[in-house]
Amino acid sequence: MVFSSLSFMTAFLPLTILLYFVSGSSKWRNGVLLVFSLIFYSWGEPKRILIMLASILINYMSALAIASSSKRGVKRMFLVLGLAVTLGGLIYFKYFAFFVNSINGLFGFERSLQPLSLPIGISFYTFQIITYTVDVYLGKTPVQRNLPRLMLYISFFPQLIAGPIVNYTQIMPYLAERKSTLADIYGGMRRFIIGLAKKVLLANVCGEIVAGLELFGNMSALEAWLGAIAYTLQIYFDFSGYSDMAIGMGRIFGFKFLENFRYPYLSSSVTEFWRRWHISLGSFFREYVYIPMGGNRVKPFRQALNLIIVWGLTGLWHGASWNFIVWGLYFGLLLIFEKLFMHRVKIKWPKVFGWAITMLLVVFSWVIFYHENLSDGLRQLSAMLVFGADGMSDPVSVYYLKRYIGAIVISCIACVPWREISEKLSCKTKELSHKQSCTCSAVLVAGESVVLTALFLMSAAFVVSSSYNPFLYFRF
(Lines give C-alpha, C1' and ligand atoms only; values in the text may rest on other atoms or scores of the structure.)
Protein backbone atom coordinates (compact mmCIF):
# COMPACT_ATOMS: atom_id res chain seq x y z
CA MET A 1 0.00 0.00 0.00
CA VAL A 2 1.38 3.42 -0.96
CA PHE A 3 0.24 6.84 0.22
CA SER A 4 -0.81 7.86 -3.27
CA SER A 5 -3.11 4.86 -3.79
CA LEU A 6 -6.88 5.28 -3.75
CA SER A 7 -7.27 2.56 -1.10
CA PHE A 8 -5.01 4.52 1.25
CA MET A 9 -6.49 7.96 0.58
CA THR A 10 -10.15 6.96 0.58
CA ALA A 11 -10.25 4.15 3.18
CA PHE A 12 -7.17 3.48 5.29
CA LEU A 13 -6.21 7.04 6.26
CA PRO A 14 -9.76 8.40 6.85
CA LEU A 15 -10.64 5.36 9.00
CA THR A 16 -7.42 5.71 11.01
CA ILE A 17 -8.06 9.43 11.63
CA LEU A 18 -11.69 8.80 12.62
CA LEU A 19 -10.90 6.04 15.13
CA TYR A 20 -7.92 7.97 16.46
CA PHE A 21 -9.90 11.07 17.39
CA VAL A 22 -12.85 9.18 18.86
CA SER A 23 -10.54 7.06 21.04
CA GLY A 24 -10.08 9.68 23.74
CA SER A 25 -7.00 9.08 25.90
CA SER A 26 -3.42 8.90 24.60
CA LYS A 27 -3.23 5.23 25.59
CA TRP A 28 -6.11 4.25 23.32
CA ARG A 29 -4.92 6.55 20.56
CA ASN A 30 -1.50 4.89 20.66
CA GLY A 31 -3.29 1.55 20.38
CA VAL A 32 -5.19 2.69 17.29
CA LEU A 33 -2.01 3.91 15.61
CA LEU A 34 -0.10 0.74 16.50
CA VAL A 35 -2.81 -1.58 15.16
CA PHE A 36 -3.19 0.37 11.91
CA SER A 37 0.59 0.60 11.52
CA LEU A 38 0.91 -3.19 11.75
CA ILE A 39 -1.96 -3.60 9.29
CA PHE A 40 -0.28 -1.12 6.94
CA TYR A 41 3.01 -3.03 6.98
CA SER A 42 1.29 -6.42 6.70
CA TRP A 43 -0.78 -5.31 3.71
CA GLY A 44 1.76 -6.33 1.09
CA GLU A 45 3.88 -8.93 2.87
CA PRO A 46 2.34 -10.26 6.11
CA LYS A 47 5.12 -12.77 6.84
CA ARG A 48 7.87 -10.13 6.74
CA ILE A 49 6.35 -8.29 9.69
CA LEU A 50 7.75 -11.04 11.93
CA ILE A 51 11.28 -9.88 11.06
CA MET A 52 10.55 -6.35 12.26
CA LEU A 53 8.73 -7.55 15.39
CA ALA A 54 11.58 -9.91 16.32
CA SER A 55 14.11 -7.11 15.95
CA ILE A 56 11.98 -4.80 18.11
CA LEU A 57 11.52 -7.42 20.83
CA ILE A 58 15.20 -8.34 21.05
CA ASN A 59 16.28 -4.70 21.22
CA TYR A 60 13.58 -4.00 23.79
CA MET A 61 15.02 -6.72 26.03
CA SER A 62 18.61 -5.68 25.28
CA ALA A 63 17.85 -2.09 26.27
CA LEU A 64 16.23 -3.27 29.52
CA ALA A 65 19.34 -5.30 30.29
CA ILE A 66 21.59 -2.34 29.48
CA ALA A 67 19.60 -0.05 31.76
CA SER A 68 19.51 -2.53 34.66
CA SER A 69 23.22 -3.35 34.65
CA SER A 70 25.94 -1.25 36.29
CA LYS A 71 28.83 -3.07 34.58
CA ARG A 72 30.11 -1.50 31.39
CA GLY A 73 31.11 -4.85 29.93
CA VAL A 74 27.62 -6.26 30.41
CA LYS A 75 26.08 -3.13 28.88
CA ARG A 76 28.35 -3.44 25.88
CA MET A 77 27.52 -7.13 25.46
CA PHE A 78 23.77 -6.45 25.28
CA LEU A 79 24.35 -3.48 22.96
CA VAL A 80 26.31 -5.72 20.59
CA LEU A 81 23.58 -8.37 20.82
CA GLY A 82 20.82 -5.93 19.89
CA LEU A 83 22.80 -4.36 17.04
CA ALA A 84 23.96 -7.75 15.74
CA VAL A 85 20.38 -9.00 15.40
CA THR A 86 19.14 -5.77 13.81
CA LEU A 87 22.04 -5.24 11.42
CA GLY A 88 22.27 -8.98 10.79
CA GLY A 89 18.79 -9.01 9.30
CA LEU A 90 19.60 -6.02 7.10
CA ILE A 91 22.90 -7.51 5.93
CA TYR A 92 21.35 -10.92 5.21
CA PHE A 93 18.44 -9.68 3.15
CA LYS A 94 20.07 -6.72 1.46
CA TYR A 95 23.77 -7.49 1.08
CA PHE A 96 24.48 -11.22 1.44
CA ALA A 97 24.04 -12.10 -2.23
CA PHE A 98 25.94 -8.97 -3.28
CA PHE A 99 28.95 -9.81 -1.09
CA VAL A 100 29.01 -13.47 -2.17
CA ASN A 101 28.70 -12.61 -5.86
CA SER A 102 31.39 -9.92 -5.58
CA ILE A 103 33.80 -12.40 -3.98
CA ASN A 104 32.95 -15.05 -6.58
CA GLY A 105 33.57 -12.53 -9.34
CA LEU A 106 36.90 -11.53 -7.79
CA PHE A 107 38.15 -15.13 -7.81
CA GLY A 108 36.61 -16.04 -11.14
CA PHE A 109 33.84 -18.32 -9.88
CA GLU A 110 30.86 -18.52 -12.21
CA ARG A 111 28.29 -19.49 -9.58
CA SER A 112 26.10 -16.62 -8.34
CA LEU A 113 23.27 -16.10 -5.86
CA GLN A 114 19.99 -14.44 -6.67
CA PRO A 115 19.33 -11.42 -4.40
CA LEU A 116 16.70 -12.05 -1.76
CA SER A 117 13.41 -10.18 -1.81
CA LEU A 118 13.97 -7.16 0.40
CA PRO A 119 11.51 -6.54 3.27
CA ILE A 120 9.93 -3.14 2.65
CA GLY A 121 11.37 -0.35 4.76
CA ILE A 122 14.03 -2.50 6.46
CA SER A 123 16.76 0.12 5.86
CA PHE A 124 14.68 2.77 7.62
CA TYR A 125 13.31 0.89 10.61
CA THR A 126 16.70 -0.74 11.23
CA PHE A 127 18.29 2.68 11.71
CA GLN A 128 15.47 3.77 14.02
CA ILE A 129 15.96 0.72 16.21
CA ILE A 130 19.69 1.48 16.33
CA THR A 131 19.10 5.04 17.54
CA TYR A 132 17.03 3.69 20.45
CA THR A 133 19.43 0.99 21.66
CA VAL A 134 22.56 3.14 21.23
CA ASP A 135 20.98 6.15 22.98
CA VAL A 136 19.99 3.97 25.95
CA TYR A 137 23.56 2.62 26.09
CA LEU A 138 25.04 6.12 25.96
CA GLY A 139 22.62 7.39 28.61
CA LYS A 140 21.07 9.93 26.23
CA THR A 141 17.57 8.64 26.86
CA PRO A 142 15.84 6.54 29.53
CA VAL A 143 14.87 3.00 28.66
CA GLN A 144 11.33 2.54 27.34
CA ARG A 145 9.66 -0.09 29.53
CA ASN A 146 6.33 0.18 27.71
CA LEU A 147 6.70 -2.26 24.80
CA PRO A 148 3.68 -0.99 22.79
CA ARG A 149 5.14 2.54 22.84
CA LEU A 150 8.46 1.28 21.52
CA MET A 151 6.62 -0.74 18.86
CA LEU A 152 4.70 2.38 17.83
CA TYR A 153 7.94 4.38 17.52
CA ILE A 154 9.42 1.76 15.18
CA SER A 155 6.31 0.82 13.20
CA PHE A 156 4.44 4.16 12.95
CA PHE A 157 3.07 3.90 9.41
CA PRO A 158 3.65 7.47 8.11
CA GLN A 159 7.44 7.09 8.25
CA LEU A 160 7.84 3.31 8.44
CA ILE A 161 8.39 2.54 4.76
CA ALA A 162 10.63 5.37 3.52
CA GLY A 163 11.37 7.70 6.41
CA PRO A 164 12.18 10.27 7.47
CA ILE A 165 14.44 8.43 9.92
CA VAL A 166 13.19 9.53 13.34
CA ASN A 167 15.59 9.64 16.28
CA TYR A 168 14.06 8.03 19.39
CA THR A 169 15.22 10.83 21.69
CA GLN A 170 13.34 13.35 19.55
CA ILE A 171 10.08 11.39 19.39
CA MET A 172 10.03 10.01 22.96
CA PRO A 173 7.97 12.88 24.52
CA TYR A 174 5.18 12.44 21.96
CA LEU A 175 4.79 8.72 22.74
CA ALA A 176 3.56 9.50 26.25
CA GLU A 177 1.39 12.58 25.70
CA ARG A 178 0.54 14.81 22.78
CA LYS A 179 -2.23 17.06 21.48
CA SER A 180 -3.60 17.75 18.03
CA THR A 181 -5.02 21.24 17.64
CA LEU A 182 -7.14 22.38 14.72
CA ALA A 183 -4.07 24.20 13.43
CA ASP A 184 -2.13 20.91 13.57
CA ILE A 185 -4.85 19.05 11.69
CA TYR A 186 -5.15 21.72 9.00
CA GLY A 187 -1.37 22.09 8.72
CA GLY A 188 -0.96 18.33 8.50
CA MET A 189 -3.60 17.98 5.80
CA ARG A 190 -2.06 20.86 3.89
CA ARG A 191 1.39 19.23 4.04
CA PHE A 192 -0.03 15.86 2.99
CA ILE A 193 -1.77 17.32 -0.06
CA ILE A 194 1.34 19.22 -1.14
CA GLY A 195 3.40 16.03 -0.83
CA LEU A 196 0.77 14.08 -2.76
CA ALA A 197 0.82 16.64 -5.56
CA LYS A 198 4.62 16.55 -5.68
CA LYS A 199 4.56 12.79 -6.00
CA VAL A 200 1.64 12.33 -8.40
CA LEU A 201 1.67 15.46 -10.56
CA LEU A 202 5.44 16.03 -10.78
CA ALA A 203 7.48 12.93 -9.88
CA ASN A 204 5.24 10.52 -11.81
CA VAL A 205 5.23 12.72 -14.90
CA CYS A 206 9.02 13.08 -14.84
CA GLY A 207 9.19 9.31 -14.33
CA GLU A 208 7.23 8.80 -17.53
CA ILE A 209 9.96 10.68 -19.39
CA VAL A 210 12.70 8.49 -17.87
CA ALA A 211 10.75 5.30 -18.61
CA GLY A 212 10.09 6.35 -22.20
CA LEU A 213 13.69 7.15 -23.11
CA GLU A 214 16.28 4.51 -23.97
CA LEU A 215 19.01 5.40 -21.48
CA PHE A 216 20.94 2.20 -22.15
CA GLY A 217 23.34 1.65 -25.01
CA ASN A 218 23.92 4.38 -27.59
CA MET A 219 22.02 7.62 -27.12
CA SER A 220 22.04 11.17 -28.38
CA ALA A 221 23.26 14.11 -26.28
CA LEU A 222 19.70 15.45 -26.00
CA GLU A 223 18.36 12.08 -24.87
CA ALA A 224 21.11 11.74 -22.27
CA TRP A 225 20.54 15.24 -20.86
CA LEU A 226 16.75 14.99 -20.95
CA GLY A 227 16.85 11.66 -19.11
CA ALA A 228 19.30 12.99 -16.51
CA ILE A 229 17.29 16.14 -15.81
CA ALA A 230 13.98 14.24 -15.67
CA TYR A 231 15.41 11.71 -13.21
CA THR A 232 16.95 14.51 -11.11
CA LEU A 233 13.49 16.04 -10.76
CA GLN A 234 11.71 12.68 -10.35
CA ILE A 235 13.80 11.45 -7.44
CA TYR A 236 13.52 14.78 -5.61
CA PHE A 237 9.75 15.12 -5.90
CA ASP A 238 9.22 11.40 -5.28
CA PHE A 239 11.19 11.32 -2.04
CA SER A 240 10.44 14.83 -0.75
CA GLY A 241 6.77 14.30 -1.60
CA TYR A 242 6.75 11.11 0.48
CA SER A 243 8.48 12.96 3.33
CA ASP A 244 5.93 15.77 3.14
CA MET A 245 3.07 13.29 3.37
CA ALA A 246 4.74 11.52 6.31
CA ILE A 247 5.39 14.78 8.16
CA GLY A 248 1.84 15.94 7.46
CA MET A 249 0.23 12.76 8.76
CA GLY A 250 2.49 12.83 11.80
CA ARG A 251 1.31 16.35 12.57
CA ILE A 252 -2.35 15.31 12.29
CA PHE A 253 -1.69 12.73 15.00
CA GLY A 254 0.28 15.17 17.17
CA PHE A 255 3.83 14.13 16.25
CA LYS A 256 6.36 16.77 15.21
CA PHE A 257 8.83 15.28 12.75
CA LEU A 258 11.90 17.23 11.70
CA GLU A 259 12.23 18.40 8.10
CA ASN A 260 13.84 15.97 5.68
CA PHE A 261 14.31 18.27 2.67
CA ARG A 262 14.95 22.03 2.50
CA TYR A 263 14.94 22.87 -1.21
CA PRO A 264 18.27 21.13 -1.95
CA TYR A 265 18.39 22.20 -5.59
CA LEU A 266 19.07 25.78 -4.48
CA SER A 267 22.40 24.79 -2.93
CA SER A 268 25.58 26.60 -3.94
CA SER A 269 27.95 23.88 -2.70
CA VAL A 270 27.91 20.11 -2.26
CA THR A 271 28.20 20.58 1.50
CA GLU A 272 25.08 22.75 1.48
CA PHE A 273 23.30 20.24 -0.75
CA TRP A 274 23.77 17.51 1.85
CA ARG A 275 22.54 19.79 4.59
CA ARG A 276 19.31 20.14 2.63
CA TRP A 277 18.88 16.65 1.07
CA HIS A 278 17.64 13.64 3.09
CA ILE A 279 18.51 15.46 6.31
CA SER A 280 17.51 12.57 8.60
CA LEU A 281 19.90 10.13 6.89
CA GLY A 282 22.76 12.64 7.03
CA SER A 283 22.05 13.27 10.71
CA PHE A 284 22.10 9.54 11.45
CA PHE A 285 25.48 8.94 9.83
CA ARG A 286 26.94 12.08 11.36
CA GLU A 287 25.79 11.27 14.91
CA TYR A 288 26.24 7.49 14.97
CA VAL A 289 29.20 6.95 12.60
CA TYR A 290 31.14 10.11 11.70
CA ILE A 291 31.39 11.74 15.16
CA PRO A 292 32.26 8.48 17.00
CA MET A 293 35.16 8.04 14.53
CA GLY A 294 36.48 11.48 15.44
CA GLY A 295 34.57 13.65 12.99
CA ASN A 296 36.31 16.96 12.37
CA ARG A 297 38.39 16.75 15.56
CA VAL A 298 41.18 14.78 13.91
CA LYS A 299 44.03 15.47 11.52
CA PRO A 300 43.14 16.18 7.86
CA PHE A 301 44.15 12.74 6.59
CA ARG A 302 42.04 10.98 9.23
CA GLN A 303 39.14 13.34 8.56
CA ALA A 304 39.33 12.48 4.86
CA LEU A 305 39.35 8.77 5.72
CA ASN A 306 36.33 9.25 8.00
CA LEU A 307 34.45 10.98 5.19
CA ILE A 308 35.30 8.21 2.71
CA ILE A 309 34.07 5.53 5.14
CA VAL A 310 30.84 7.42 5.93
CA TRP A 311 30.03 8.10 2.32
CA GLY A 312 30.91 4.59 1.25
CA LEU A 313 28.41 3.35 3.85
CA THR A 314 25.88 5.97 2.73
CA GLY A 315 26.10 4.67 -0.82
CA LEU A 316 25.88 1.06 0.35
CA TRP A 317 22.82 1.90 2.48
CA HIS A 318 20.96 2.87 -0.68
CA GLY A 319 21.45 -0.51 -2.28
CA ALA A 320 23.59 -3.61 -2.77
CA SER A 321 25.14 -2.55 -6.03
CA TRP A 322 28.46 -1.05 -7.06
CA ASN A 323 26.82 2.00 -8.62
CA PHE A 324 25.52 3.05 -5.19
CA ILE A 325 28.96 2.61 -3.62
CA VAL A 326 30.56 4.64 -6.43
CA TRP A 327 27.82 7.26 -6.00
CA GLY A 328 28.58 7.53 -2.28
CA LEU A 329 32.36 7.71 -2.81
CA TYR A 330 31.80 10.33 -5.51
CA PHE A 331 30.12 12.61 -2.97
CA GLY A 332 32.71 11.69 -0.35
CA LEU A 333 35.53 12.90 -2.61
CA LEU A 334 33.64 16.09 -3.48
CA LEU A 335 33.08 16.85 0.22
CA ILE A 336 36.73 16.17 1.03
CA PHE A 337 37.73 18.62 -1.70
CA GLU A 338 35.36 21.28 -0.36
CA LYS A 339 36.18 20.83 3.33
CA LEU A 340 39.94 20.36 3.11
CA PHE A 341 40.95 22.38 0.05
CA MET A 342 38.30 24.85 -1.09
CA HIS A 343 38.33 26.75 2.23
CA ARG A 344 41.93 27.73 1.46
CA VAL A 345 40.90 29.48 -1.75
CA LYS A 346 40.49 33.18 -1.00
CA ILE A 347 38.57 33.97 -4.19
CA LYS A 348 34.87 34.58 -3.54
CA TRP A 349 32.91 33.07 -6.40
CA PRO A 350 29.51 34.53 -7.33
CA LYS A 351 26.79 32.46 -5.67
CA VAL A 352 25.12 31.73 -9.01
CA PHE A 353 28.40 30.22 -10.23
CA GLY A 354 28.57 27.97 -7.18
CA TRP A 355 24.94 26.96 -7.74
CA ALA A 356 25.55 26.09 -11.41
CA ILE A 357 28.61 23.95 -10.63
CA THR A 358 26.83 22.22 -7.74
CA MET A 359 23.78 21.37 -9.82
CA LEU A 360 25.96 20.03 -12.61
CA LEU A 361 27.74 17.74 -10.15
CA VAL A 362 24.41 16.66 -8.62
CA VAL A 363 22.90 15.82 -12.03
CA PHE A 364 25.99 13.75 -12.84
CA SER A 365 25.59 11.94 -9.50
CA TRP A 366 22.00 10.93 -10.27
CA VAL A 367 23.15 9.36 -13.54
CA ILE A 368 25.50 7.12 -11.52
CA PHE A 369 22.70 6.44 -9.04
CA TYR A 370 20.18 5.49 -11.73
CA HIS A 371 22.27 2.88 -13.58
CA GLU A 372 23.00 -0.33 -11.68
CA ASN A 373 25.38 -1.21 -14.50
CA LEU A 374 28.27 1.25 -14.21
CA SER A 375 29.13 0.97 -17.90
CA ASP A 376 25.63 2.22 -18.80
CA GLY A 377 26.08 5.17 -16.45
CA LEU A 378 29.46 6.04 -17.95
CA ARG A 379 27.96 5.77 -21.43
CA GLN A 380 25.22 8.26 -20.53
CA LEU A 381 27.72 10.65 -18.93
CA SER A 382 29.87 10.40 -22.04
CA ALA A 383 26.85 11.23 -24.22
CA MET A 384 26.01 14.21 -21.97
CA LEU A 385 29.54 15.52 -22.51
CA VAL A 386 29.09 14.83 -26.27
CA PHE A 387 31.94 12.29 -26.22
CA GLY A 388 30.57 9.18 -27.88
CA ALA A 389 27.08 10.65 -28.26
CA ASP A 390 24.98 9.13 -31.02
CA GLY A 391 24.33 12.54 -32.56
CA MET A 392 23.07 15.71 -30.86
CA SER A 393 19.40 14.69 -30.96
CA ASP A 394 17.02 11.99 -32.14
CA PRO A 395 13.28 11.86 -32.98
CA VAL A 396 12.27 10.13 -29.72
CA SER A 397 13.99 12.61 -27.42
CA VAL A 398 12.71 15.56 -29.46
CA TYR A 399 9.17 14.15 -29.13
CA TYR A 400 9.49 13.76 -25.34
CA LEU A 401 11.01 17.20 -24.99
CA LYS A 402 8.14 18.85 -26.90
CA ARG A 403 5.52 16.83 -25.06
CA TYR A 404 6.87 17.32 -21.53
CA ILE A 405 8.66 20.67 -21.66
CA GLY A 406 5.81 22.28 -19.70
CA ALA A 407 6.03 19.65 -16.97
CA ILE A 408 9.80 20.07 -16.73
CA VAL A 409 9.52 23.85 -16.43
CA ILE A 410 6.80 23.58 -13.75
CA SER A 411 8.90 21.04 -11.85
CA CYS A 412 11.91 23.35 -11.94
CA ILE A 413 9.77 26.24 -10.67
CA ALA A 414 8.46 24.00 -7.86
CA CYS A 415 12.04 23.55 -6.59
CA VAL A 416 11.88 27.13 -5.26
CA PRO A 417 10.16 28.02 -1.92
CA TRP A 418 7.64 30.41 -3.44
CA ARG A 419 5.35 30.33 -0.39
CA GLU A 420 8.11 31.56 1.90
CA ILE A 421 9.09 34.22 -0.62
CA SER A 422 5.49 35.43 -1.00
CA GLU A 423 5.03 35.62 2.77
CA LYS A 424 8.02 37.94 2.99
CA LEU A 425 6.97 40.13 0.09
CA SER A 426 3.23 40.42 0.70
CA CYS A 427 0.93 41.11 3.63
CA LYS A 428 3.57 42.55 5.96
CA THR A 429 1.27 42.55 8.94
CA LYS A 430 3.48 44.76 11.02
CA GLU A 431 2.99 47.55 8.53
CA LEU A 432 -0.78 47.06 8.16
CA SER A 433 -3.63 48.06 10.38
CA HIS A 434 -5.34 45.31 12.38
CA LYS A 435 -8.35 45.33 10.03
CA GLN A 436 -6.17 45.17 6.92
CA SER A 437 -4.09 42.39 8.46
CA CYS A 438 -7.15 40.27 9.26
CA THR A 439 -8.57 40.83 5.77
CA CYS A 440 -5.28 39.88 4.16
CA SER A 441 -4.95 36.73 6.28
CA ALA A 442 -8.53 35.67 5.48
CA VAL A 443 -7.91 36.10 1.75
CA LEU A 444 -4.71 34.05 1.94
CA VAL A 445 -6.37 31.22 3.89
CA ALA A 446 -9.35 31.13 1.51
CA GLY A 447 -7.09 31.19 -1.54
CA GLU A 448 -4.87 28.49 -0.09
CA SER A 449 -7.86 26.27 0.65
CA VAL A 450 -9.06 26.56 -2.94
CA VAL A 451 -5.59 25.70 -4.28
CA LEU A 452 -5.22 22.73 -1.93
CA THR A 453 -8.63 21.37 -2.90
CA ALA A 454 -7.76 21.69 -6.57
CA LEU A 455 -4.41 19.96 -6.06
CA PHE A 456 -6.05 17.07 -4.21
CA LEU A 457 -8.73 16.58 -6.88
CA MET A 458 -6.14 16.76 -9.66
CA SER A 459 -3.91 14.26 -7.86
CA ALA A 460 -6.81 11.86 -7.26
CA ALA A 461 -7.85 12.12 -10.91
CA PHE A 462 -4.28 11.41 -12.01
CA VAL A 463 -4.09 8.33 -9.77
CA VAL A 464 -7.36 7.01 -11.21
CA SER A 465 -6.31 7.55 -14.81
CA SER A 466 -2.66 6.44 -14.59
CA SER A 467 -1.11 3.03 -13.96
CA TYR A 468 2.34 4.51 -13.28
CA ASN A 469 2.55 5.18 -9.54
CA PRO A 470 5.75 3.78 -7.96
CA PHE A 471 7.73 5.07 -4.99
CA LEU A 472 11.42 5.02 -5.88
CA TYR A 473 12.70 4.82 -2.30
CA PHE A 474 10.66 1.70 -1.52
CA ARG A 475 13.54 -0.33 -2.98
CA PHE A 476 15.98 1.09 -0.46
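**Grounds for the terms used**

Colleague: Why does Trp 274 count as buried?

Modeller: This is a predicted model. Trp 274 has a relative accessibility of 10%, and buried means under 20%, so Trp 274 counts as buried.

Colleague: How do you know whether Trp 311 is buried or exposed?

Modeller: The relative accessibility of Trp 311 is 10%; because the cut-off for buried is under 20%, Trp 311 counts as buried.

Colleague: What makes Trp 327 and Trp 366 a stacked pair?

Modeller: Their ring centres are 5.8 Å apart, and pairing asks for centres within 6.5 Å. The planes stand at 25°, and stacked requires under 30 degrees, so the pair is stacked.

Colleague: Which parts of the chain does this pair tie together?

Modeller: Trp 327 belongs to helix α14 (residues 322–340) and Trp 366 to helix α15 (residues 351–370), so the pair links parts 39 residues apart in sequence. Both Trp 327 and Trp 366 are buried.

Colleague: How many aromatic pairs does the count give?

Modeller: The count comes to 61 aromatic pairs. Trp 274 and Trp 311 form one of them, with 4.7 Å centre to centre and 65° between the planes; since edge-to-face means over 60 degrees, this pair is edge-to-face. Trp 274 lies in helix α11 (residues 270–276) and Trp 311 in helix α13 (residues 300–318), so parts 37 residues apart in sequence are tied together.

Colleague: Why does the radius of gyration of the chain agree with a compact globule?

Modeller: For 476 residues, a compact globule would have a radius near 23 Å; the chain has 24 Å, which agrees.

Conventions
Residues numbered from 1 in each chain as written. Predicted model: local features only at pLDDT ≥ 70, side-chain atom pairs only at ≥ 80, totals over all residues. Heavy atoms only, no water. Rg over C-alpha atoms; globule rule 2.2 N^0.38 Å. Phe/Tyr/Trp six-rings, centres within 6.5 Å; stacked < 30°, edge-to-face > 60°. Helix = DSSP H or I, 4+ residues; strand = E, 2+ residues; numbered from the N terminus. Buried < 20%, exposed > 50% of the residue type's maximum accessible area, 1.4 Å probe, protein only.
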